[in-house]
Amino acid sequence: KPEEEYLVLKEGVRVDTEHLSMCRDLLVSTEQLKVKLDRCLKVFHMSAQITAFKLPPSFFRLSAEELKREQQRRKQEADQFTQLRTQAMRDRDALAGVRSYRYCVIRVRLPDSHVLQAMFYPFETITDVRRVVHGALRDELQALPFSLVDPTGRVITDDKVNLSAARWVPHAIITLRFDDVALPANNPSILCSALMYNIEKM
């Protein structure tokens, strides 16, 4: 059994053992706080700059452990060049070798000529993307069925795939398409008013 970490109190130091015991009980019984990612929702006018992503340094900052994994991955790649490998083996290695990013940016083309942008963790799924898009729509449009189209033009049918496996990391551009529904002509914008107040240029 590995030796457990513990604290040693110096002799002669007066300690309120009752208070110390209460603090310990609080630490043991407290649930871990889960960090909630700020989606950093933004709305842009449609532009030719939609493919230009300006990612902050935090996307690429690696910890010592991540840097070590990156070095091991490159060594494995060098070793694999000397081996005969099937296409399936190469595809599997390519997916496993995708660089680990802390976040990813998803841009959604909208039918009203706007672009919705949001931040996600790579381990989140397409369901999470769909939930964010749904929440950004105007109230009266949230009941309408819509599809998401991936960067290759394919309609997404499996929402359980995580964003890393979908190759949407560190960024991707997808398209929202309402399913056989005509949008109201009197209000061309499909996003909620809170988002439309802060439209930016790319």
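# Notebook: cysteines, sheet, helix and rings

I began with Cys192, which is partly exposed because its relative accessible area is 23%. For that label I used these cut-offs: buried is under 20% relative accessible area, exposed is over 50%, and partly exposed is in between, with a 1.4 Å probe and protein chains only. Before going on, I noted that this is a predicted model, where local features need pLDDT of at least 70, side-chain atom pairs count only at pLDDT 80 or more, and totals for chains, interfaces and linings use all residues. I also noted that residues are numbered from 1 along each chain as its sequence is written, and that side-chain values use heavy atoms, with hydrogens and water left out.

**Cysteines**

Next I looked up Cys40, and it counts as partly exposed at 35% relative accessibility. How many disulfides are there by the rule? I got zero disulfides, taking a disulfide as a pair of cysteine sulfur atoms within 2.5 Å.

I then traced the strands. Helices (H or I, at least four residues) and strands (E, at least two) are DSSP runs, numbered from the N terminus. Two strands pair if DSSP finds at least two bridges between them. In which order do the six strands lie? I read β4-β5-β2-β3-β1-β6, an open sheet with mixed pairing. The edges are β4 and β6, and each has a single partner strand, so one side of each is left without a neighbour in the sheet.

I took a closer look at β1, residues 42-45. It runs antiparallel to β3, and four bridges join the two. His45 has His114 of β3 as its bridge partner, and Val43 stands opposite Leu116 in β3. With β6 (residues 199-200), β1 pairs in the parallel sense over two bridges. There, Val43 has Ile199 as its bridge partner.

**Helix α4**

I moved on to α4, residues 126-136. Which of its residues are buried? I listed Ile126, Asp128, Val129, Arg130, Val132, Val133 and Ala136. The cover over these buried residues includes β2 (104-109), β3 (114-120), β4 (146-149), β5 (171-178) and α5 (193-196), where contact means heavy atoms within 4.5 Å.

Arg138 counts as buried because its relative accessibility is 9%. Its side chain makes a polar contact of 2.7 Å with that of Glu140. A polar contact is a pair of N or O atoms within 3.5 Å; within protein, one must be able to donate a hydrogen and the other to accept it, and residues adjacent in sequence count only if both atoms are side-chain atoms.

**Aromatic rings**

I searched the whole structure and got three aromatic pairs. Tyr121 and Phe123 are a stacked pair, at 5.0 Å centre to centre with 10 degrees between the planes. My rule was that rings of Phe, Tyr and Trp (its six-membered ring) pair if their centres lie within 6.5 Å; planes under 30 degrees apart count as stacked, over 60 as edge-to-face and the rest as tilted.

Last, I went through the loops. Between β4 and β5 I came to Pro170, and the peptide bond from Val169 to Pro170 is cis, with omega near 5 degrees. Arg167 is also in the loop between β4 and β5, and its phi is near 65 degrees, a positive value in a residue other than glycine. In the loop between β2 and β3 I looked up Ser113, which has a positive phi of about 70 degrees although it is not a glycine. Ser113 counts as partly exposed because its relative accessibility is 46%.
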